[in-house]
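Please have the viewer open as you read.

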Amino acid sequence: MNRRNMVAGSAVGALGAVALAAPAVAQSMPEVRWRCASSFPKSLDTIFGAGEHVAKRVAALTDNKFQIRVFGAGELVPALEVANAVTGGTVDCGHTASYYFVGKDPTFTFDATWPFGFNFRQLNAWMEHGGGRQILREFFDPMNIVSMPAGNTGAQMGGWFRREIRTPEDLRGLKFRVGGFAGNVLAKLGVVPQQIAGGDIYPALERGTIDAAEWVGPYDDEKLGFNRVAPYYYYPGWWEGGLNLSFYSNKQKFDALPQLYKEALESACRDATIETIAKYDVVNPQALRRLIGAGTQLRPFPRPVLEACYRAANELYDETSASNPLFKKIYEHQKAFREQTLPWFRVAENTFDSFNYLMQAQEQQRR
């Protein structure tokens with residue numbers, strides 16, 4: 001064999017080794033199949049879609065070796081039973097909003113959102129670089145749950161009402177579908193809070209079983225048809241300045257994953273957060289214009305109503321902290337972080353946004 005043939009033979013041999021090595025690596029990755037119970041109906045493509053986004057990204061990052069099948073609310077377990085199902089291993093994982101489970105423990109609210117708490121940017125900062133995920137792990141570990149942020153709605157609307165709200169007294173006796181810890185706050189003002197899954201809100205509002213309801217924002221609310229049965233649309237949703245959606249994994253199932261799969265899941269959840277809030281920021285403005293054009297009456301909550309709710313929220317935080325040490329620990333951690341970040345947002349973000357709003361309004365008046 002001459003030198004040229006020897007070089008060619010060596011090259012072919014090297015390529016063959018590479019070709020054999022790649023399948024060997026792929027074959028070493030185990031096949032994992034998880035079932036994911038969502039708390040959201042499939043018809044809501046953005047909020048339910050955050051869970052689907054996680055599943056697609058995980059599959060893509062693991063050469064389809066790690067596959068997650070996402071089931072809509074009620075297909076595997078009821079929407080408000082996802083936490084119990086993940087804890088007990090009935091399902092491998094779930095996609096939900098943690099504040100649905102404040103009846104089990106009010107501390108759940110801090111993994112989702114808290115009245116007069118963070119906006120999306122502040123919550124994301126607290127979770128990723130402010131020690132939030134570490135302190136929440138202390139809460140979730142005993143429940144056999146690993147929780148990861150996986151989507152965010154941004155600031156939400158205050159909901160749909162059959163009649164106008166002018167004073168705090170107008171809240172008394174109001175049967176209001178409202179999620180999470182906000183129901184406990186509003187109860188102090190005489191509201192009768194109702195915890196109802198998303199797919200069941202419209203018929204309750206249509207029949208008059210409830211007087212008002214909040215869900216997310218214009219895009220999802222339009223899909224659910226609330227504007228057809230309640231004329232007044234209030235803002236802001238002071239209880240949801242930036243709702244974090246959570247991907248729950250059963251801890252035993254998560255711990256058994258190869259490190260690559262854990263990293264893929266973590267990456268997919270972060271990607272879902274960016275994807276979800278970006279989509280909402282595109283579709284919500286369009287939906288709000290359509291709703292107003294169709295006759296929806298947009299209303300701000302009056303200042304006295306907001307102030308009464310703010311006082312009630314702070315009273316409830318103090319009361320709950322007195323009887324729940326872990327609630328107190330996480331609340332004080334979040335509160336301290338908010339006090340550090342609010343001045344910065346006021347100086348930079350708020351000033352910038354407020355000036356832009358003012359100039360846009362003046363330009364529209366001149367047209």
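## A proline in a loop

Let us start with Pro236, which sits in the loop between strand E9 (232-235) and strand E10 (244-250). Helices (H or I, at least four residues) and strands (E, at least two) are DSSP runs, numbered from the N terminus. The peptide bond that leads from Tyr235 into Pro236 is cis, with omega near -5°.

This is a predicted model: local features need pLDDT of at least 70, side-chain atom pairs count only at pLDDT 80 or more, and totals for chains, interfaces and linings use all residues. Residues are numbered from 1 along each chain as its sequence is written, and side-chain values use heavy atoms, with hydrogens and water left out.

## Two asparagines with positive phi

Most residues other than glycine have a negative phi, and most peptide bonds are trans. Asn64, although not a glycine, has a positive phi of about 65°. Its place is the loop between helix H2 (47-61) and strand E2 (66-71).

Asn144 also has a positive phi, near 65°, and lies in the loop between helix H5 (132-140) and strand E4 (145-152). Are these residues buried or exposed? Asn64 is partly exposed, at 45% relative accessible area, while Asn144 is buried, at 14%. Buried means under 20% relative accessible area, exposed over 50%, and partly exposed in between (1.4 Å probe, protein chains only).

## The six-stranded sheet

Six strands form an open sheet in the order E7-E6-E8-E5-E9-E11, with mixed pairing. Its edge strands, E7 (192-194) and E11 (297-300), each pair on one side only. Two strands pair if DSSP finds at least two bridges between them.

Within this sheet, E5 (residues 159-161) and E9 run antiparallel and are joined by three bridges. Phe161 stands opposite Tyr232 in E9.
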